[in-house]
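Subject: Structure for you to look at

Hello,

Please find the structure below, followed by notes on what was found in it. Please read them with the model open.

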Protein chains: 2
Amino acid sequence: MTTRRTGLREQKKQATREALREAALRLALTHGPENVRVDDIAEAAGVSPRTYNNYFSSREQAIVAAVTAEREARVAAAVAARPVGEGLADAVVEAIVAQYTDPGEHHRDALLLITTRPALRDAFVDTAGAIEDPLADAIAQRLGDTDSYTPRVLAASVAAATRVALRQWASPMTSGLVVLSGSLPDLLRTALAPLAPALDAAEQRARQHSRSE
Amino acid sequence: MTTRRTGLREQKKQATREALREAALRLALTHGPENVRVDDIAEAAGVSPRTYNNYFSSREQAIVAAVTAEREARVAAAVAARPVGEGLADAVVEAIVAQYTDPGEHHRDALLLITTRPALRDAFVDTAGAIEDPLADAIAQRLGDTDSYTPRVLAASVAAATRVALRQWASPMTSGLVVLSGSLPDLLRTALAPLAPALDAAEQRARQHSRSE
DNA sequence: AACGAAAAGTGCGTGCACGCAACTTTGCGT
DNA sequence: ACGCAAAGTTGCGTGCACGCACTTTTCGTT
């Protein structure tokens, strides 16, 4: 046994996953989300309805996945790729902002749809939780701390702050008195700022720890 | 109009809610969670199945609620009740630990059941999210900061750290090599510790701000 | 090349969540 | 005391999530 997760299998699996989420988004855009049934998505993707449910556990999840696909892995990779001289707080913030910054906006209409419907909005906000585990690994790597809860707590907090920013960004900008939400990168920086002291403190402790042993 | 949320209505509502969660827990304990249908819970509580679903959106939620009822409000109240001289980080940590520390363990068997079944375990861990909004209000109160995202981000982070602690505590203590999880208060303090710098820094900023205006 | 185990896909059946549209209860204003 | 508006309850119908058992596909091994 060499590498479990070998080629053709995983490849087809990813193809099916992509076909499903693309079909879900396309149908949601053309007919409106509430007029798309699971069977339609499955049929459009060429699989059985039961198989659809092996990949996504809700219609909203499938639709939103077309926009947020693989973001969790990219965030973790982005953190790992940051220069070692950079502080942990900056590294995390920049990595997240980069991944949520819009690259040309292929999905402009999709995002409009998502922010419009509450159910999709919720599903979209919840995707922030997916970065938690990969991010915890990346932070643990940076801190050289693989056996305490600190990386997990920090990653969970970062994910939580990201959720706050996403919810604000996607929320109907309460018309009357309140300001209309700024750009997503600005919101993310603002939401993540309060966590910087915690991230930096963890880094300090990690340094001291590695120096003393 | 004085106090919306007047007496008899809300009273009955709470009574129904309590009847439902008590019934759910009792039936789950006697017959096992997977042998309890929604209709059974509703019937035992004396309401229609449809009404059950107006209160809880899953069987697991109802069962777990019997143990975690009103915890969110109590956490917020506990934070508010802490002496003003105390640092924010200490206030929050002590408030949470106090609310999750077991008062006599009425629910010992219930907790055993919850930690045993994965579905119940997940629902239990998720209840930590409920403290987010009330805690945000309490923190905003303490900081005198009602218009920035900081309280919401801090509250969300605290909730996230709490989730980490709960998950660890309720997790099957992977038999073999890994240590068995410590007491819940200890776990909570450990999980919340990395956030102390962020909480204290926010408090510092709040003080400076109020001094300069 | 053939075989056997593991993994992915499928069909079926069951219980459930939730929108909707009555209907009943509560409580405030007069 | 009365009546109306708001809040809560209920039954119905629809689509869905998911466990289970079975078929098909993939892939390492001999």
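**Helix α8 of chain B**

In chain B, helix α8 (residues 118–126) has these buried residues: L120(B), R121(B), A123(B), F124(B) and V125(B). A residue is buried if 20 or more other C-beta atoms lie within 10 Å of its own, exposed if 12 or fewer, and partly exposed in between, with C-beta atoms placed from the backbone. Helices are DSSP runs of H or I with at least four residues, strands are runs of E with at least two, and both are numbered from the N terminus. The buried residues of α8(B) pack against α4 (59–68), α7 (108–116) and α10 (150–170) of chain B.

This is a predicted model, in which local features need pLDDT of at least 70, side-chain atom pairs count only at pLDDT 80 or more, and totals for chains, interfaces and linings use all residues. Residues are numbered from 1 along each chain as its sequence is written, while chains are lettered from A and ligands numbered from 1 in the order in which they are written.

**Chain A**

The secondary structure of chain A comes to 12 helices and zero strands. Of its 213 residues, 38% are buried. The C-alpha atoms of chain A fill a box of roughly 65 × 60 × 30 Å along the principal axes.

Helices α4 (residues 59–68) and α8 (residues 118–126) of chain A pack at an angle of about 65°, with their axes 9 Å apart. Axes are lines fitted to C-alpha atoms, for helices over the stretch in contact, and angles run from 0 to 180 degrees between N-to-C directions. E60(A), Q61(A), I63(A) and V64(A) in α4(A) meet A119(A), L120(A), A123(A) and F124(A) in α8(A). Contact requires that the C-beta atoms of two residues, placed from the backbone, lie within 7 Å. By class, this contact of α4(A) with α8(A) has six nonpolar, one polar and one charged residues. Ala, Val, Leu, Ile, Met, Phe, Trp, Tyr, Cys and Pro count as nonpolar, Asp, Glu, Lys and Arg as charged, and the others, Gly among them, as polar.

**The two chains together**

A rotation of 180° with 0.1 Å of shift along its axis superposes chain B on chain A, with an RMSD of 0.1 Å. The two copies are thus related as by a two-fold rotation axis. The superposition is by least squares on the C-alpha atoms of residues with pLDDT of at least 70 in both copies. In chain B, the C-alpha nearest the axis is that of S157(B), 2.1 Å from it.

Between the chains, 20 residues of chain B are in contact with 20 residues of chain A. On the side of chain B that touches chain A, α10(B) gives the largest share, 11 residues. That side has 15 nonpolar, three polar and two charged residues.

**The DNA strands**

Around DNA strand C there are 22 residues, and the closest are V47(A), S48(A), T51(A), L8(B) and S57(B). A residue is near a strand if its C-beta atom, placed from the backbone, lies within 6 Å of it. The largest share of the surface near DNA strand C, four residues, is from α1(B). By class, that surface has four nonpolar, nine polar and nine charged residues.

DNA strand D is also surrounded by 22 residues, the closest being L8(A), R9(A), S57(A), S48(B) and T51(B). For the surface near DNA strand D, the largest share, four residues, comes from α1(A).

Regards
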